[in-house]
Amino acid sequence: MILNSIHSDRTGERRWHVAVPAFLAAAGWGLSGWFQTPWLVLAALSLASLGMYSAFAPFWSLPNSFLSGAAAAGGIALINSVGNLGGFAAPNMISYVKAATESFRGGLMAMSLILFLGGALVLCVRHDRAWEKVEPKGG
């Protein structure tokens, strides 16, 4: 997580530093649904956790890179609101899928798909480094 954030700051690149960890997290959630061996499930869940936490810092710097003032505050508030809804909806989604299928696999696959789509959406965001107020650090 720290290395990803440091590299993102040094290069000034944000999108790929969010998307790649999101794709890793998606792979981790997906694999955790397919593995049967406890240590493989633990490794897959660790990969999912690594990916999700590594994407946080570069993700939160994205709105300020192309929004300013009240628009930046509104963008951050919108992100926070959607995140809170996701924190409510995801456990409920997993429990409904588990009740319907008698397995956690479907819910874990849905989590994987949502993270993959999130990473793909970040790559669709137009980002110009010239809009940023702070130049990337060299060295």
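Modeller: The model is a predicted one. In it, the side chains of arginine 14 and aspartate 9 meet in a salt bridge, at 3.2 Å from N to O.

Colleague: What makes the contact of arginine 14 and aspartate 9 a salt bridge?

Modeller: The criterion asks for a side-chain nitrogen of Lys or Arg within 4 Å of a carboxyl oxygen of Asp or Glu. The N to O distance between arginine 14 and aspartate 9 is 3.2 Å, and therefore the pair meets the criterion. In general, side chains of opposite charge can pair when their charged atoms come close. By this rule the count comes to 1 salt bridge.

Colleague: Why is arginine 14 called buried?

Modeller: Buried means under 20% relative accessible area. Arginine 14 has 9%, so the label applies.

Colleague: How do you know which class aspartate 9 belongs to?

Modeller: Its relative accessibility is 38%. Over the protein, buried residues make up 28% of the 139 residues.

Colleague: Which residues form the nonpolar patch on the surface, and which helices supply them?

Modeller: The patch consists of Met1, Ile2, Leu3, Ile6, Tyr53, Phe56 and Trp60, with about 770 Å² of accessible area together. Helix 1 (2-11) and helix 3 (38-66) each supply at least two of its residues.

Colleague: What is the lining of the largest pocket by class, and which helix gives the largest share?

Modeller: The lining has 28 nonpolar, 9 polar and no charged residues. Helix 4 gives the largest share, 12 residues, and helix 2 (15-34), helix 3, helix 4 (69-101) and helix 5 (105-124) each supply at least two. About 1,300 Å³ of space lies in this pocket; of its 37 lining residues, Phe59, Ile79, Val82, Gly83 and Leu115 are the closest to its centre.

Colleague: How many helices and strands does the protein have?

Modeller: There are 5 helices and 0 strands, and from the N terminus on the elements run α-α-α-α-α. The C-alpha atoms fill a box of roughly 50 × 35 × 20 Å along the principal axes.

Definitions and conventions
Residues are numbered from 1 along each chain as its sequence is written. This is a predicted model: local features need pLDDT of at least 70, side-chain atom pairs count only at pLDDT 80 or more; totals for chains, interfaces and linings use all residues. Side-chain values use heavy atoms; hydrogens and water are left out. Patches are made of residues with over 30% relative accessible area and no salt bridge: like charges are joined within 9 Å, nonpolar side chains (Val, Leu, Ile, Met, Phe, Trp, Tyr) within 5 Å. Accessible areas come from the Shrake-Rupley method with a 1.4 Å probe; for residues, only the protein chains shown count as cover. Helices (H or I, at least four residues) and strands (E, at least two) are DSSP runs, numbered from the N terminus. On a 1 Å grid over the protein atoms alone, a cavity is a set of points where a 1.4 Å probe fits but cannot get out, and a pocket is an open set with protein on both sides within 12 Å along at least five of seven lines; lining residues have an atom within 4 Å of a point. Grid points are joined across faces, edges and corners, and a volume is the space filled by probe spheres set on the points. Ala, Val, Leu, Ile, Met, Phe, Trp, Tyr, Cys and Pro count as nonpolar, Asp, Glu, Lys and Arg as charged, and the others, Gly among them, as polar. Buried means under 20% relative accessible area, exposed over 50%, partly exposed in between (1.4 Å probe, protein chains only).
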